[in-house]
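Have the viewer open and follow along.

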Amino acid sequence: MTREEVAAPLLLVTRPFQPAWLVSMPKTQAILGVEAQKVAMVYKHHAAVKEKASKVSQDIINKVGDLSRLLAFQPQYKAQLRARPDVSQGELIRVTDWKLLTPENYDRTCFHIEVDVSGTGLEHLVNGAMGKALSVYATNDADKVMKFINHMKLDPDEIVSVEDIAPPSEDGTVVLTTVYKLFTQYLDLFGKPSREFLKKLFPFAEDIMEKVAIAELTLDRKSEDFLDRQARAYTYADYICEYKSLKIPVAKYVEILPTIKQRVYSICSSSDYHPGKCQLLVVREDWQAKGGDTKFGLCSSFLTFLRPGTVCVAHATHSVMQIPEDKTAPIFMAGLGTGLAPFRAFIEQRKHEKNQGHRVGPMTLFFGGRHAHAEYYYRDEFENFEAEGLVKCCNAWSRDQKQKVYVQHKIMEQADDIWANLGREGSRGYFFLCGSKQPEKDVFAALIKIFETKGGLKNDEAHKKMESLQLAGRYVTEVY
(Lines give C-alpha, C1' and ligand atoms only; values in the text may rest on other atoms or scores of the structure.)
Protein backbone atom coordinates (compact mmCIF):
# COMPACT_ATOMS: atom_id res chain seq x y z
CA MET A 1 0.00 0.00 0.00
CA THR A 2 1.25 3.49 -0.76
CA ARG A 3 1.19 6.66 1.32
CA GLU A 4 -1.06 8.42 -1.20
CA GLU A 5 -3.46 5.48 -1.24
CA VAL A 6 -3.98 5.43 2.50
CA ALA A 7 -4.22 9.23 2.62
CA ALA A 8 -7.33 9.54 0.48
CA PRO A 9 -10.37 11.15 2.14
CA LEU A 10 -12.89 8.49 3.10
CA LEU A 11 -16.61 8.50 3.69
CA LEU A 12 -17.85 5.41 5.54
CA VAL A 13 -21.52 4.62 5.07
CA THR A 14 -22.80 2.29 7.79
CA ARG A 15 -26.54 2.16 7.13
CA PRO A 16 -28.24 0.12 4.38
CA PHE A 17 -29.01 1.59 0.97
CA GLN A 18 -32.55 2.55 -0.04
CA PRO A 19 -34.95 -0.19 -1.27
CA ALA A 20 -33.89 -1.83 -4.51
CA TRP A 21 -37.14 -0.99 -6.32
CA LEU A 22 -36.01 2.66 -6.55
CA VAL A 23 -33.29 1.65 -8.98
CA SER A 24 -35.84 0.82 -11.66
CA MET A 25 -37.19 4.38 -11.79
CA PRO A 26 -35.92 6.43 -14.80
CA LYS A 27 -35.07 9.48 -12.69
CA THR A 28 -33.15 7.30 -10.26
CA GLN A 29 -31.24 5.72 -13.13
CA ALA A 30 -30.26 9.15 -14.46
CA ILE A 31 -29.02 10.24 -11.04
CA LEU A 32 -27.13 6.99 -10.57
CA GLY A 33 -25.50 7.50 -13.96
CA VAL A 34 -24.06 10.83 -12.89
CA GLU A 35 -23.05 9.44 -9.49
CA ALA A 36 -21.34 6.51 -11.19
CA GLN A 37 -19.34 8.97 -13.29
CA LYS A 38 -18.26 10.81 -10.13
CA VAL A 39 -17.17 7.58 -8.46
CA ALA A 40 -15.33 6.48 -11.60
CA MET A 41 -13.38 9.76 -11.70
CA VAL A 42 -12.36 9.41 -8.06
CA TYR A 43 -11.24 5.82 -8.49
CA LYS A 44 -9.32 6.64 -11.69
CA HIS A 45 -7.56 9.43 -9.82
CA HIS A 46 -6.63 7.22 -6.89
CA ALA A 47 -5.52 4.44 -9.23
CA ALA A 48 -3.21 6.86 -11.02
CA VAL A 49 -1.81 8.11 -7.71
CA LYS A 50 -1.32 4.54 -6.53
CA GLU A 51 0.57 3.60 -9.69
CA LYS A 52 2.97 6.54 -9.42
CA ALA A 53 3.49 6.67 -5.65
CA SER A 54 6.51 5.10 -3.96
CA LYS A 55 6.12 2.11 -1.66
CA VAL A 56 5.92 2.78 2.05
CA SER A 57 7.18 0.77 4.96
CA GLN A 58 5.37 -1.95 6.87
CA ASP A 59 5.27 0.42 9.87
CA ILE A 60 3.07 2.84 7.94
CA ILE A 61 0.81 0.02 6.82
CA ASN A 62 0.46 -1.08 10.44
CA LYS A 63 -0.32 2.48 11.59
CA VAL A 64 -3.20 2.73 9.15
CA GLY A 65 -4.42 -0.81 9.58
CA ASP A 66 -7.99 0.26 10.27
CA LEU A 67 -8.15 2.32 7.12
CA SER A 68 -6.54 -0.51 5.15
CA ARG A 69 -9.23 -2.86 6.37
CA LEU A 70 -11.97 -0.40 5.39
CA LEU A 71 -10.52 -0.04 1.91
CA ALA A 72 -9.96 -3.75 1.49
CA PHE A 73 -13.51 -4.60 2.52
CA GLN A 74 -15.38 -1.73 0.90
CA PRO A 75 -18.59 -3.71 0.15
CA GLN A 76 -18.92 -4.78 3.77
CA TYR A 77 -18.22 -1.32 5.21
CA LYS A 78 -19.80 0.55 2.30
CA ALA A 79 -16.69 2.76 2.16
CA GLN A 80 -16.62 5.54 -0.43
CA LEU A 81 -13.73 7.69 -1.66
CA ARG A 82 -14.55 11.40 -1.86
CA ALA A 83 -12.34 14.25 -3.11
CA ARG A 84 -13.73 16.98 -0.80
CA PRO A 85 -16.62 15.66 1.33
CA ASP A 86 -17.12 19.15 2.75
CA VAL A 87 -17.98 20.47 -0.74
CA SER A 88 -21.26 18.74 -1.52
CA GLN A 89 -21.49 20.13 -5.06
CA GLY A 90 -17.85 19.52 -5.90
CA GLU A 91 -16.85 17.02 -8.57
CA LEU A 92 -13.46 15.68 -9.57
CA ILE A 93 -12.82 16.75 -13.17
CA ARG A 94 -9.86 16.03 -15.42
CA VAL A 95 -7.74 18.62 -17.24
CA THR A 96 -7.59 18.02 -20.99
CA ASP A 97 -5.70 21.09 -22.23
CA TRP A 98 -3.36 23.79 -20.92
CA LYS A 99 -1.79 26.55 -23.01
CA LEU A 100 0.36 29.53 -22.07
CA LEU A 101 -1.08 32.63 -23.76
CA THR A 102 1.56 35.20 -22.80
CA PRO A 103 5.26 35.07 -23.81
CA GLU A 104 7.43 32.96 -21.49
CA ASN A 105 9.57 35.91 -20.41
CA TYR A 106 6.61 38.27 -19.91
CA ASP A 107 5.87 39.91 -16.55
CA ARG A 108 2.39 38.40 -16.46
CA THR A 109 1.44 34.73 -16.75
CA CYS A 110 -1.90 34.21 -18.48
CA PHE A 111 -3.07 30.81 -19.66
CA HIS A 112 -5.94 28.79 -21.10
CA ILE A 113 -7.08 25.65 -19.30
CA GLU A 114 -9.74 23.14 -20.33
CA VAL A 115 -11.45 20.43 -18.28
CA ASP A 116 -13.62 17.53 -19.37
CA VAL A 117 -17.13 17.63 -17.90
CA SER A 118 -18.77 15.06 -20.18
CA GLY A 119 -20.92 12.60 -18.26
CA THR A 120 -20.68 14.60 -15.03
CA GLY A 121 -23.25 16.67 -13.20
CA LEU A 122 -21.49 19.77 -14.58
CA GLU A 123 -21.98 18.91 -18.24
CA HIS A 124 -24.98 21.15 -18.79
CA LEU A 125 -24.17 23.71 -16.08
CA VAL A 126 -20.97 25.33 -17.35
CA ASN A 127 -21.95 27.39 -20.38
CA GLY A 128 -20.07 30.67 -19.94
CA ALA A 129 -22.62 32.45 -22.13
CA MET A 130 -25.54 31.41 -19.94
CA GLY A 131 -24.68 33.05 -16.62
CA LYS A 132 -22.31 30.36 -15.34
CA ALA A 133 -18.87 30.47 -13.74
CA LEU A 134 -16.64 27.72 -12.34
CA SER A 135 -15.68 27.48 -8.67
CA VAL A 136 -12.33 25.74 -8.25
CA TYR A 137 -10.87 24.36 -5.01
CA ALA A 138 -7.09 24.47 -4.93
CA THR A 139 -4.75 22.26 -2.92
CA ASN A 140 -1.71 23.42 -0.98
CA ASP A 141 1.79 22.80 -2.29
CA ALA A 142 2.78 19.27 -1.19
CA ASP A 143 6.42 20.14 -0.43
CA LYS A 144 5.46 23.12 1.72
CA VAL A 145 2.91 20.97 3.55
CA MET A 146 5.48 18.26 4.32
CA LYS A 147 7.96 20.89 5.50
CA PHE A 148 5.32 22.19 7.93
CA ILE A 149 4.36 18.68 9.10
CA ASN A 150 7.99 17.79 9.76
CA HIS A 151 8.61 21.09 11.56
CA MET A 152 5.65 20.46 13.86
CA LYS A 153 6.70 16.81 14.33
CA LEU A 154 3.36 15.50 13.13
CA ASP A 155 2.71 12.10 11.58
CA PRO A 156 1.52 12.63 7.99
CA ASP A 157 -0.13 9.21 7.94
CA GLU A 158 -2.11 9.54 11.14
CA ILE A 159 -5.84 9.03 10.55
CA VAL A 160 -8.02 11.94 11.68
CA SER A 161 -11.71 12.76 11.56
CA VAL A 162 -12.84 15.79 9.56
CA GLU A 163 -16.47 15.69 10.61
CA ASP A 164 -16.20 19.20 12.08
CA ILE A 165 -15.50 20.65 8.63
CA ALA A 166 -17.15 17.95 6.52
CA PRO A 167 -20.32 16.86 8.36
CA PRO A 168 -21.59 13.50 7.09
CA SER A 169 -24.40 13.88 4.58
CA GLU A 170 -26.15 10.85 6.02
CA ASP A 171 -26.77 9.50 9.50
CA GLY A 172 -24.47 6.72 10.56
CA THR A 173 -21.44 7.85 8.51
CA VAL A 174 -17.95 8.93 9.48
CA VAL A 175 -15.51 11.03 7.41
CA LEU A 176 -11.80 10.27 7.74
CA THR A 177 -8.58 11.49 6.16
CA THR A 178 -4.87 11.69 7.03
CA VAL A 179 -2.87 14.54 8.51
CA TYR A 180 -1.13 14.99 5.17
CA LYS A 181 -4.41 15.27 3.27
CA LEU A 182 -5.89 17.48 5.98
CA PHE A 183 -3.22 20.12 5.38
CA THR A 184 -3.06 19.58 1.62
CA GLN A 185 -6.73 19.52 0.65
CA TYR A 186 -8.72 21.06 3.48
CA LEU A 187 -6.99 23.68 5.63
CA ASP A 188 -5.85 27.05 4.30
CA LEU A 189 -2.45 26.68 5.94
CA PHE A 190 -0.76 29.35 3.81
CA GLY A 191 -3.60 31.85 3.86
CA LYS A 192 -3.68 35.32 5.41
CA PRO A 193 -4.51 35.26 9.14
CA SER A 194 -6.61 37.69 11.13
CA ARG A 195 -6.35 38.72 14.77
CA GLU A 196 -9.12 36.26 15.57
CA PHE A 197 -6.72 33.47 14.61
CA LEU A 198 -4.13 34.78 17.09
CA LYS A 199 -6.76 34.79 19.84
CA LYS A 200 -7.31 31.09 19.16
CA LEU A 201 -3.58 30.38 18.85
CA PHE A 202 -1.99 31.81 22.02
CA PRO A 203 -3.51 29.29 24.49
CA PHE A 204 -1.48 26.53 22.82
CA ALA A 205 1.87 28.19 23.66
CA GLU A 206 3.54 26.46 26.61
CA ASP A 207 6.10 29.21 27.13
CA ILE A 208 4.53 32.10 29.05
CA MET A 209 6.57 34.74 27.19
CA GLU A 210 5.47 33.41 23.81
CA LYS A 211 1.90 33.17 25.04
CA VAL A 212 2.01 36.85 25.98
CA ALA A 213 3.75 37.83 22.72
CA ILE A 214 1.04 36.20 20.61
CA ALA A 215 -1.77 37.63 22.74
CA GLU A 216 -0.34 41.14 22.55
CA LEU A 217 -0.55 41.08 18.75
CA THR A 218 -4.33 41.10 19.15
CA LEU A 219 -4.25 44.40 21.06
CA ASP A 220 -4.66 47.84 19.52
CA ARG A 221 -1.32 49.04 20.88
CA LYS A 222 0.38 46.30 18.85
CA SER A 223 -1.62 46.96 15.68
CA GLU A 224 1.45 48.40 13.91
CA ASP A 225 3.39 45.17 14.49
CA PHE A 226 0.46 43.07 13.30
CA LEU A 227 -0.01 45.22 10.18
CA ASP A 228 3.71 44.95 9.42
CA ARG A 229 3.39 41.17 9.42
CA GLN A 230 0.34 41.47 7.18
CA ALA A 231 2.37 43.59 4.75
CA ARG A 232 5.07 40.91 4.76
CA ALA A 233 2.38 38.35 3.84
CA TYR A 234 2.65 36.29 7.01
CA THR A 235 0.67 33.07 6.75
CA TYR A 236 -0.96 30.81 9.33
CA ALA A 237 2.01 28.47 8.94
CA ASP A 238 4.49 31.33 9.52
CA TYR A 239 2.88 32.20 12.86
CA ILE A 240 2.65 28.59 14.00
CA CYS A 241 6.27 27.85 13.10
CA GLU A 242 7.60 31.07 14.64
CA TYR A 243 6.64 30.25 18.20
CA LYS A 244 8.56 27.14 19.21
CA SER A 245 6.56 26.29 22.31
CA LEU A 246 3.25 25.86 20.48
CA LYS A 247 1.83 22.40 21.05
CA ILE A 248 -1.34 22.01 19.00
CA PRO A 249 -3.16 18.65 19.03
CA VAL A 250 -3.95 17.48 15.51
CA ALA A 251 -7.68 17.57 16.19
CA LYS A 252 -7.46 21.27 17.12
CA TYR A 253 -6.10 22.46 13.78
CA VAL A 254 -9.58 22.26 12.26
CA GLU A 255 -10.76 24.67 14.97
CA ILE A 256 -8.12 27.36 14.47
CA LEU A 257 -7.53 27.21 10.70
CA PRO A 258 -10.16 27.98 8.02
CA THR A 259 -10.74 25.65 5.09
CA ILE A 260 -9.55 26.39 1.57
CA LYS A 261 -12.33 28.37 -0.08
CA GLN A 262 -13.43 28.31 -3.68
CA ARG A 263 -12.03 30.68 -6.26
CA VAL A 264 -14.57 31.65 -8.91
CA TYR A 265 -13.48 31.97 -12.55
CA SER A 266 -15.47 33.25 -15.50
CA ILE A 267 -15.94 30.52 -18.10
CA CYS A 268 -14.56 31.53 -21.49
CA SER A 269 -16.35 28.89 -23.54
CA SER A 270 -19.83 27.97 -24.71
CA SER A 271 -20.67 24.34 -23.97
CA ASP A 272 -22.90 24.37 -27.05
CA TYR A 273 -19.86 25.21 -29.15
CA HIS A 274 -17.52 22.90 -27.16
CA PRO A 275 -19.74 20.01 -25.96
CA GLY A 276 -18.47 18.27 -22.85
CA LYS A 277 -15.75 20.87 -22.24
CA CYS A 278 -15.32 23.84 -19.92
CA GLN A 279 -12.56 26.37 -20.60
CA LEU A 280 -11.07 29.11 -18.40
CA LEU A 281 -8.89 32.16 -19.07
CA VAL A 282 -6.69 32.63 -16.00
CA VAL A 283 -3.95 35.02 -14.91
CA ARG A 284 -1.56 33.96 -12.17
CA GLU A 285 -2.03 36.45 -9.35
CA ASP A 286 1.20 37.84 -7.91
CA TRP A 287 2.25 40.77 -5.76
CA GLN A 288 5.28 42.19 -3.99
CA ALA A 289 5.16 41.83 -0.22
CA LYS A 290 6.98 44.20 2.09
CA GLY A 291 10.61 43.15 2.05
CA GLY A 292 10.59 42.41 -1.67
CA ASP A 293 9.35 38.81 -1.75
CA THR A 294 7.02 37.91 -4.63
CA LYS A 295 3.86 36.17 -3.46
CA PHE A 296 1.39 34.20 -5.55
CA GLY A 297 -2.32 33.49 -5.26
CA LEU A 298 -3.13 29.96 -4.10
CA CYS A 299 -5.70 28.93 -6.70
CA SER A 300 -4.22 30.68 -9.73
CA SER A 301 -0.85 29.08 -8.90
CA PHE A 302 -2.54 25.71 -8.46
CA LEU A 303 -4.09 26.02 -11.93
CA THR A 304 -0.79 27.31 -13.38
CA PHE A 305 0.88 23.96 -12.78
CA LEU A 306 -1.96 21.62 -13.75
CA ARG A 307 -1.43 19.72 -16.97
CA PRO A 308 -3.56 17.35 -19.09
CA GLY A 309 -4.37 14.24 -17.08
CA THR A 310 -4.36 15.94 -13.68
CA VAL A 311 -7.57 16.63 -11.77
CA CYS A 312 -9.21 19.29 -9.64
CA VAL A 313 -12.38 19.70 -7.59
CA ALA A 314 -14.90 22.20 -8.97
CA HIS A 315 -18.58 23.04 -9.29
CA ALA A 316 -20.74 25.46 -11.26
CA THR A 317 -21.54 28.90 -9.85
CA HIS A 318 -23.92 31.66 -10.90
CA SER A 319 -22.62 34.64 -12.87
CA VAL A 320 -24.37 37.83 -14.00
CA MET A 321 -22.74 37.50 -17.41
CA GLN A 322 -25.67 36.00 -19.34
CA ILE A 323 -26.21 36.51 -23.05
CA PRO A 324 -29.62 38.00 -23.98
CA GLU A 325 -32.36 35.54 -24.90
CA ASP A 326 -33.04 37.60 -28.02
CA LYS A 327 -30.52 36.20 -30.49
CA THR A 328 -30.83 39.30 -32.68
CA ALA A 329 -30.21 41.87 -29.93
CA PRO A 330 -27.09 44.04 -30.46
CA ILE A 331 -24.44 43.39 -27.81
CA PHE A 332 -21.61 45.67 -26.69
CA MET A 333 -18.91 44.00 -24.58
CA ALA A 334 -16.05 45.65 -22.67
CA GLY A 335 -13.47 43.13 -21.51
CA LEU A 336 -10.52 44.26 -19.39
CA GLY A 337 -7.66 41.73 -19.21
CA THR A 338 -9.03 38.31 -18.29
CA GLY A 339 -12.44 40.00 -18.20
CA LEU A 340 -12.44 38.95 -21.84
CA ALA A 341 -13.47 35.44 -20.74
CA PRO A 342 -17.28 35.60 -20.76
CA PHE A 343 -17.31 37.51 -24.06
CA ARG A 344 -15.40 34.76 -25.83
CA ALA A 345 -18.22 32.51 -24.58
CA PHE A 346 -20.83 35.02 -25.87
CA ILE A 347 -19.26 35.07 -29.33
CA GLU A 348 -18.96 31.28 -29.42
CA GLN A 349 -22.63 30.99 -28.44
CA ARG A 350 -23.67 33.31 -31.28
CA LYS A 351 -21.40 31.36 -33.63
CA HIS A 352 -23.14 28.12 -32.61
CA GLU A 353 -26.57 29.70 -33.09
CA LYS A 354 -25.56 31.01 -36.50
CA ASN A 355 -24.34 27.54 -37.46
CA GLN A 356 -27.77 26.23 -36.44
CA GLY A 357 -29.39 28.54 -38.97
CA HIS A 358 -30.51 31.31 -36.61
CA ARG A 359 -30.21 34.98 -37.46
CA VAL A 360 -27.93 36.64 -34.91
CA GLY A 361 -27.51 40.28 -34.00
CA PRO A 362 -24.35 42.43 -34.22
CA MET A 363 -21.67 42.23 -31.53
CA THR A 364 -18.99 44.79 -30.68
CA LEU A 365 -16.05 43.89 -28.46
CA PHE A 366 -13.97 46.50 -26.65
CA PHE A 367 -10.90 44.73 -25.31
CA GLY A 368 -8.26 46.44 -23.22
CA GLY A 369 -4.68 45.42 -22.49
CA ARG A 370 -1.15 46.78 -22.43
CA HIS A 371 0.54 45.23 -25.47
CA ALA A 372 -1.07 43.52 -28.46
CA HIS A 373 1.86 41.12 -29.00
CA ALA A 374 1.58 39.72 -25.48
CA GLU A 375 -2.00 40.21 -24.32
CA TYR A 376 -4.22 39.70 -27.34
CA TYR A 377 -5.56 36.40 -26.06
CA TYR A 378 -7.16 34.11 -28.67
CA ARG A 379 -6.13 36.55 -31.40
CA ASP A 380 -6.55 34.10 -34.29
CA GLU A 381 -10.03 33.16 -33.12
CA PHE A 382 -11.23 36.74 -32.81
CA GLU A 383 -9.77 37.74 -36.17
CA ASN A 384 -11.60 34.82 -37.78
CA PHE A 385 -14.87 35.70 -36.05
CA GLU A 386 -14.46 39.30 -37.17
CA ALA A 387 -13.69 38.28 -40.76
CA GLU A 388 -16.90 36.25 -40.69
CA GLY A 389 -18.84 39.35 -39.65
CA LEU A 390 -19.83 37.89 -36.29
CA VAL A 391 -18.15 40.58 -34.16
CA LYS A 392 -16.44 43.93 -34.52
CA CYS A 393 -13.23 44.12 -32.47
CA CYS A 394 -12.20 47.52 -31.06
CA ASN A 395 -8.98 46.87 -29.16
CA ALA A 396 -7.23 49.36 -26.87
CA TRP A 397 -3.51 48.75 -26.29
CA SER A 398 -2.42 51.29 -23.70
CA ARG A 399 1.37 50.88 -24.08
CA ASP A 400 1.77 50.30 -27.82
CA GLN A 401 1.99 53.99 -28.71
CA LYS A 402 3.15 57.22 -27.12
CA GLN A 403 -0.30 58.32 -26.01
CA LYS A 404 -2.28 56.04 -23.70
CA VAL A 405 -5.33 54.43 -25.30
CA TYR A 406 -7.91 52.81 -23.07
CA VAL A 407 -11.22 51.02 -23.56
CA GLN A 408 -13.25 54.18 -22.87
CA HIS A 409 -11.53 55.86 -25.83
CA LYS A 410 -12.56 53.03 -28.14
CA ILE A 411 -16.10 53.23 -26.75
CA MET A 412 -16.28 56.92 -27.68
CA GLU A 413 -15.24 56.04 -31.25
CA GLN A 414 -18.43 53.95 -31.52
CA ALA A 415 -20.66 56.67 -30.06
CA ASP A 416 -23.19 56.74 -32.95
CA ASP A 417 -23.68 52.97 -32.88
CA ILE A 418 -23.97 52.87 -29.08
CA TRP A 419 -26.56 55.63 -28.99
CA ALA A 420 -28.60 54.04 -31.78
CA ASN A 421 -28.64 50.57 -30.21
CA LEU A 422 -28.42 51.30 -26.49
CA GLY A 423 -29.57 54.83 -25.69
CA ARG A 424 -32.21 55.77 -28.22
CA GLU A 425 -35.85 55.19 -27.35
CA GLY A 426 -36.95 51.79 -28.65
CA SER A 427 -33.38 50.44 -28.92
CA ARG A 428 -32.82 46.78 -27.94
CA GLY A 429 -29.09 46.63 -27.28
CA TYR A 430 -27.14 45.46 -24.22
CA PHE A 431 -23.84 46.57 -22.70
CA PHE A 432 -21.68 44.22 -20.62
CA LEU A 433 -18.51 45.08 -18.70
CA CYS A 434 -16.19 42.53 -17.09
CA GLY A 435 -12.76 42.92 -15.53
CA SER A 436 -10.88 44.99 -12.97
CA LYS A 437 -12.92 47.49 -10.99
CA GLN A 438 -10.79 50.59 -11.58
CA PRO A 439 -11.82 51.35 -15.22
CA GLU A 440 -15.53 50.86 -14.51
CA LYS A 441 -16.12 54.52 -13.68
CA ASP A 442 -14.37 55.60 -16.91
CA VAL A 443 -16.57 53.33 -19.02
CA PHE A 444 -19.66 54.60 -17.22
CA ALA A 445 -18.56 58.22 -17.81
CA ALA A 446 -18.01 57.49 -21.52
CA LEU A 447 -21.56 56.17 -21.88
CA ILE A 448 -22.96 59.20 -20.06
CA LYS A 449 -21.06 61.47 -22.45
CA ILE A 450 -22.42 59.59 -25.48
CA PHE A 451 -25.98 59.99 -24.21
CA GLU A 452 -25.36 63.70 -23.74
CA THR A 453 -23.58 64.41 -27.03
CA LYS A 454 -25.42 62.01 -29.35
CA GLY A 455 -28.81 61.93 -27.64
CA GLY A 456 -28.97 65.50 -26.43
CA LEU A 457 -29.74 64.42 -22.87
CA LYS A 458 -28.92 66.56 -19.88
CA ASN A 459 -26.51 65.10 -17.34
CA ASP A 460 -29.24 64.07 -14.91
CA GLU A 461 -31.29 62.59 -17.76
CA ALA A 462 -28.26 60.60 -18.95
CA HIS A 463 -27.78 59.20 -15.44
CA LYS A 464 -31.46 58.27 -15.22
CA LYS A 465 -31.10 56.54 -18.59
CA MET A 466 -28.20 54.47 -17.25
CA GLU A 467 -30.22 53.61 -14.15
CA SER A 468 -33.11 52.40 -16.30
CA LEU A 469 -30.71 50.27 -18.38
CA GLN A 470 -29.32 48.72 -15.22
CA LEU A 471 -32.77 47.93 -13.87
CA ALA A 472 -33.75 46.39 -17.21
CA GLY A 473 -30.64 44.19 -17.21
CA ARG A 474 -29.28 45.95 -20.28
CA TYR A 475 -26.20 47.42 -18.55
CA VAL A 476 -24.47 44.63 -16.64
CA THR A 477 -21.11 44.73 -14.86
CA GLU A 478 -18.97 42.09 -13.17
CA VAL A 479 -15.86 43.70 -11.69
CA TYR A 480 -13.31 42.51 -9.16
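## Aromatic pairs

Let us begin with the rings: the count comes to 18 aromatic pairs, where rings of Phe, Tyr and Trp (its six-membered ring) pair if their centres lie within 6.5 Å, and planes under 30 degrees apart count as stacked, over 60 as edge-to-face and the rest as tilted. The rings of W419 and F451 have planes at 65 degrees and centres 5.8 Å apart, so this pair is edge-to-face. Since W419 belongs to helix 18 (residues 415-423) and F451 to helix 19, the pair ties together parts that are 32 residues apart in sequence. Helices here are DSSP runs of H or I with at least four residues, strands are runs of E with at least two, and both are numbered from the N terminus. W419 counts as buried because its relative accessibility is 16%, and F451 counts as buried at 0%; buried means under 20% relative accessible area, exposed over 50%, and partly exposed in between (1.4 Å probe, protein chains only).

F431 and Y475 form a tilted aromatic pair, 5.9 Å centre to centre with 40 degrees between the planes. This pair links distant parts of the chain, with F431 in strand 16 (residues 430-435) and Y475 in strand 17 (residues 475-479), 44 residues apart. F431 is buried at 0% relative accessibility, and Y475 is buried with a relative accessible area of 5%. Elsewhere, ring pairs link F197, Y234, Y236 and Y239 into a cluster.

## About the model

This is a predicted model, in which local features need pLDDT of at least 70 and side-chain atom pairs count only at pLDDT 80 or more, while totals for chains, interfaces and linings use all residues. Residues are numbered from 1 along each chain as its sequence is written, and side-chain values use heavy atoms, with hydrogens and water left out.

Two packed helices are described by the angle between their axes and the distance between the axes. Helix 18 and helix 19 pack with axes 10 Å apart at an angle of about 85 degrees; axes are lines fitted to C-alpha atoms, for helices over the stretch in contact, and angles run from 0 to 180 degrees between N-to-C directions. That makes helix 18 roughly perpendicular to helix 19, given that angles under 35 degrees count as roughly parallel, over 145 as roughly antiparallel, 65 to 115 as roughly perpendicular and the rest as oblique. A415, I418, W419, L422 and G423 of helix 18 meet L447, I450 and F451 of helix 19, where contact means heavy atoms within 4.5 Å.

The axes of helix 19 (residues 440-453) and helix 20 (residues 459-471) come within 9 Å and cross at roughly 120 degrees. That makes helix 19 oblique to helix 20. On the helix 19 side, the contact is made by F444, L447, I448, F451 and E452, and on the helix 20 side by N459, A462, H463, K465, M466 and L469.

How many residues of helix 7 (residues 179-186) are buried? Eight of its eight residues are buried, and Y186 is one of them.

Y186 also touches T259, a residue in the loop between helix 12 (253-256) and strand 8 (263-266). T259 counts as buried at 16% relative accessibility. Not counting residues up to four places away in sequence, T259 touches R84, D86, I165, Y186, L187 and D188.
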